[in-house]
Amino acid sequence: AALNVEAFLSDAGLDDAGLAALVRIWAVALALEAGMGPVGAHIALTVAGLSEMLVHRGLAYGSDEGRAAAAEVLAKVREAARGAVAELATALGAPNVPETQVTALYEDPEHSLRLGGLSLGAQPWGGPVVASEYADGTLSTLARATLAALGRFGVELEVVQRHLRGEGLLANAPHLGRPTLEALGFTDHELTLIESDLAAGAPMRQAFSAGRLGEGFVRDVLGVSAEALAEPDFDLPGFMGFGDVEVAAAQAHVTARRGLSACPALPPEARAVLRTAEEIGADERLAMIGALDAASCAPFLTALAAPAASTPGDIEGLYRAAAAHRVQALRVAAPAEDPAAVLELPPAEEDAPRRRLEPQPIVAERIVERVVERERARRKLPDRRKGYIQKATVGGHKVYLHTGEYDEGALGEIFIDMHKEGAAFRSLMNNFAIAISIGLQYGVPLEEFVEAFVYTRFEPAGPVTGNDSIRSATSILDYLFRELAVSYLDRQDLANADPEELHADSLGRGEGDRTTLEPPAATPATLFVSKGFARGAADNLIILPVGGRDRQSPPGRADEAPDVCADCGALAVRRKGAGLVCEACGSPAGVGRPSAG
């Protein structure tokens, strides 16, 4: 088990009684689980948050006061656990419990993860910022120990937050500084995006990725070709002329700025307290491990990573330092930054040449996925546009629908006006119409809006007057999008034109209920085309009838679709037997030509 010591801290100090009670509960539970026998049981009980407790109390990790405070808390935990196990042993008939079997403290990554990333045992604290999980994502906030330390040293919180947010991270960065980037075309928008990613801990190359800065900026401003962007391993800093050395130098500058120890607003004693694990040396860690070993009477099973490019002499020095600090158990891990280190083996014989153990290349499968999101542009309507206005009454409430169309006739905007309604309802409908219009202009299909809003039910609703296709509706939105569907999508299934069918769910006529309509007479075009929009050009135009079939009948019959005679120009060419004959002049002109139908 791992116990969070920081949870027992308050302004008054450490709650010793509460911590001891929790230690006793866990010690008994672990002893029972281990099968407590006549000679006791070896339990694994560790503490978490010791380093956070030191920061909370304003004590530096590497100071004598800090080591003494941590050892004191650990001794209290040991005594409480020993007393609980001794009482349990007495109750089970084993009064003599060996001292070394009471408590063993160790470092476990799984325990650290379950406790929210708190430091275990002698580990330094994780840093001034903690990540909290919420339903909408992860939010980085200042740790509780950080807030307590800043208040203890009288540091303004706003200054520290501004420093941690990373404002101005690139101001004095080498190679990739703000002046250099501004000369390449970067604006405050791109630089703010980069600094926000760097402040959150992103690597330099990830912050300068094309996906983060936008394909439009990378191609139009920086001049990256589409072929280069399609490469899975495209390197934007390398394209701009910055190699690995320049990127590493800029990364080191940014990483140093993220720590609180570099904040100019902190006094020197506060900087010593707020140092992170990267800033605490191996000798200070060994000294803390030795102090806790002495207080717990049981060794920490501690792993210490060797510095990069360590030699065998450096590793030997770590073990000698551990022995000097009376560390009982230590495991030195290989340097994490030098996986291709060459290990020299001693010769098998005196005269045998030295052999090198060459590293084998590691072949790993790479799965590359490139997601390209193209920005959708808004298509605005022409300044002079056509459309129509439909007036109707829905459930006794007048509503006016205004439409605006593109040149090819596609719907591009709507306006909705209500008569004698309250200001709030009218404003709501007006803004709803604006939202629909913007969606149409950004390419949202009208079919999506129709499917979303037809059959919605709310007042006003009921009979519809003034519309020859829609006779009832379940709501204002149901009526509006039925009308748009019938007019622009030819959705006759959403029409309920029968006057006797005054219920909102009625549909149009089916295939088996058609009636043959009489051929319509010639109609002036001004009934369908705006005279003002056409500037009078439609005054002498008429719409000719095209036959006696209704709009849903299938085309293809020549006697219902007359053609134009090539001799007299009359619209009277009809099929007579196997050919076409003009009924006006009797000319067989057009024989063999296909009918217009």
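## Salt bridges: criterion and count

A salt bridge is taken here as a side-chain nitrogen of Lys or Arg within 4 Å of a carboxyl oxygen of Asp or Glu, and by this rule the count comes to 17 salt bridges. Side chains of opposite charge can pair when their charged atoms come close.

The model is predicted, so local features need pLDDT of at least 70 and side-chain atom pairs count only at pLDDT 80 or more, whereas totals for chains, interfaces and linings use all residues. Residues are numbered from 1 along each chain as its sequence is written, and side-chain values use heavy atoms, with hydrogens and water left out.

R78 and E79 form a salt bridge in which the closest N and O atoms are 2.4 Å apart. With the classes set as buried (under 20% relative accessible area), exposed (over 50%) and partly exposed (in between), using a 1.4 Å probe and protein chains only, R78 is buried at 12%, while E79 is partly exposed at 44%.

The side chains of R205 and D235 also meet in a salt bridge, at 2.6 Å from N to O. This pair links distant parts of the chain, since R205 lies in helix α9 (residues 204–207) and D235 in the loop between α12 (226–229) and α13 (236–239), 30 residues apart; helices (H or I, at least four residues) and strands (E, at least two) are DSSP runs, numbered from the N terminus. R205 is partly exposed, with a relative accessible area of 31%, and D235 is partly exposed at 28%.

## A strand-to-loop link and a network

E413 forms a salt bridge with R385, the closest N and O atoms being 2.7 Å apart. The two residues connect distant parts of the chain, 28 residues apart: E413 belongs to strand β13 (residues 411–418), and R385 to the loop between β10 (355–357) and β11 (389–394). E413 is buried, with a relative accessible area of 10%, whereas R385 is partly exposed at 31%. Elsewhere, salt bridges that share partners join D16, E72 and K76 into one network.

## Helix crossing

The axes of helix α1 (residues 16–33) and helix α3 (residues 64–91) come within 8 Å and cross at roughly 45°, where axes are lines fitted to C-alpha atoms, for helices over the stretch in contact, and angles run from 0 to 180 degrees between N-to-C directions. Angles under 35 degrees count as roughly parallel, over 145 as roughly antiparallel, 65 to 115 as roughly perpendicular and the rest as oblique, and α1 and α3 are therefore oblique to each other.
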